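Me: I'd like a close look at one part of this protein, a strand and the neighbours it pairs with. Could you walk me through it, and then point out a few other spots to check on the way?

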Amino acid sequence: MRTREGILTRSVLVAAVVASLLIILPGLAAAAGELRTMTFIPQWLPQAQFAGCYVAFEKGFYREEGIDLKILKGGPDAPAAAMLASRRADFTTMFLSEALQHREKQLPIVNIGQIMQRSGFILVAKKGRGINKPADLNQKKVSLWPNFQVQPQAFFRKYGLSVKTVVQGATVNLFLRGGVDAASAMWYNEYHTIINAGVNEDELTTFFFDQHGLNFPEDGIYVLKETYERDPEGCCRFARATRKGWEYAFAHPEEALDVVMKYINAAHTGGNRVHQRWMLTRMKDLIQPGDARDRIGILNPGDYAAVAGALQKSGLIKTVIPLDEFYVPCLEKH
């Protein structure tokens, strides 16, 4: 015979179990069909630079966080900032220096997760041109990308260098053909292209900006301020799922490469597994450097101040907005 006390005890136990499940399984709402519909666009074409996002989608991490995500193809035909401004995308990735300039131009975006902790931007030169140290770049011809000149210009100022700058396009062909003495490169991308073209690494001199006090970390997750204010928990859920995707990709690199190649092939953009493996490995070095292995998604205040200060000194922004108005610490809370 069931007593009133027994029924109450069972009710309390059931309630406790349900409460525990709601805490442990953030995807419970997703299982019940209560999904937030959201859209993400990376700032460039499919490649291992965005492996964490692709893996998070394929492994169901966004759905576990209650998000029904649509991933768009990024690239020059769909600029990240324009996609946010037009509300055609909810989330994108962007360089920190680029995002601060867009914020200055009245695009009200906020960073909800600084993925890269170490800058992958470098200058690469041939030792055969007599370049072994910063001073050797003086009076040399250096190619720079039009939209990413803050770091190299700060580097030139730091060492009192006078260089002849040349506009660098989408390839490193000018450097390979001897048209310039040094070129811009991402360690995870163009640098590997150079050595794959037949240049031995011991023939090259590399200037890693972060090793010269100019660590301007690149990829972060950005969203319109109004989007965050409308659904702060949904935005932080997106950041959490993305972090989980990167952690899984680094723990299962070959599976992650399978996913990346799937997206590359679907977009018909070209790319081979060898290059993508190099890129994924370098992304791990930049996202989880030895001194910041548990900092995926956290924006270092010192890095923010350095980037904002360099932009202001270069005249690219007039004022430095407070960190807490630009950065939402979604991943510091979890």
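Reply: Strand 5 and strand 9 (residues 204-208) run antiparallel and are joined by 5 bridges. Keep in mind that this is a predicted model. Strand 5 also has strand 8 (residues 182-186) as a partner, again antiparallel and with 5 bridges. To see both pairings at one residue, click on Val124: in strand 9 its bridge partner is Thr206, while in strand 8 Val124 stands opposite Ala183. Now, is strand 5 mostly buried or exposed? Of the 6 residues in strand 5 (residues 121-126), 5 are buried, so the rest of the structure largely encloses this strand.

Gln106 is worth a look next. You'll find Gln106 in the loop between helix 6 (96-104) and strand 4 (109-113). Gln106 is exposed, and its relative accessible area is 68%. Its phi is near 70°, which is positive even though the residue isn't glycine. Most residues other than glycine have a negative phi. Arg87 also has a positive phi, near 65°, and isn't glycine either. Look for Arg87 in the loop between helix 5 (80-85) and strand 3 (91-95).

Last stop: helix 11 (residues 232-251) and helix 12 (residues 253-267). Their axes lie 5 Å apart, and the two pack at an angle of about 115°. Helix 11 brings Tyr248, Ala249, Phe250 and Ala251 to the contact, and helix 12 brings Pro253, Glu255 and Ala256. Sorted by class, that contact has 6 nonpolar residues, 1 charged residue and no polar ones.

Notes. Residues numbered from 1 in each chain as written. Predicted model: local features only at pLDDT ≥ 70, side-chain atom pairs only at ≥ 80, totals over all residues. Heavy atoms only, no water. Axes fitted to C-alpha atoms, helices over the stretch in contact; angles between N-to-C directions. Helix = DSSP H or I, 4+ residues; strand = E, 2+ residues; numbered from the N terminus. Contact = heavy atoms within 4.5 Å. Nonpolar A, V, L, I, M, F, W, Y, C, P; charged D, E, K, R; others polar. Buried < 20%, exposed > 50% of the residue type's maximum accessible area, 1.4 Å probe, protein only. Pairing = 2+ DSSP bridges.
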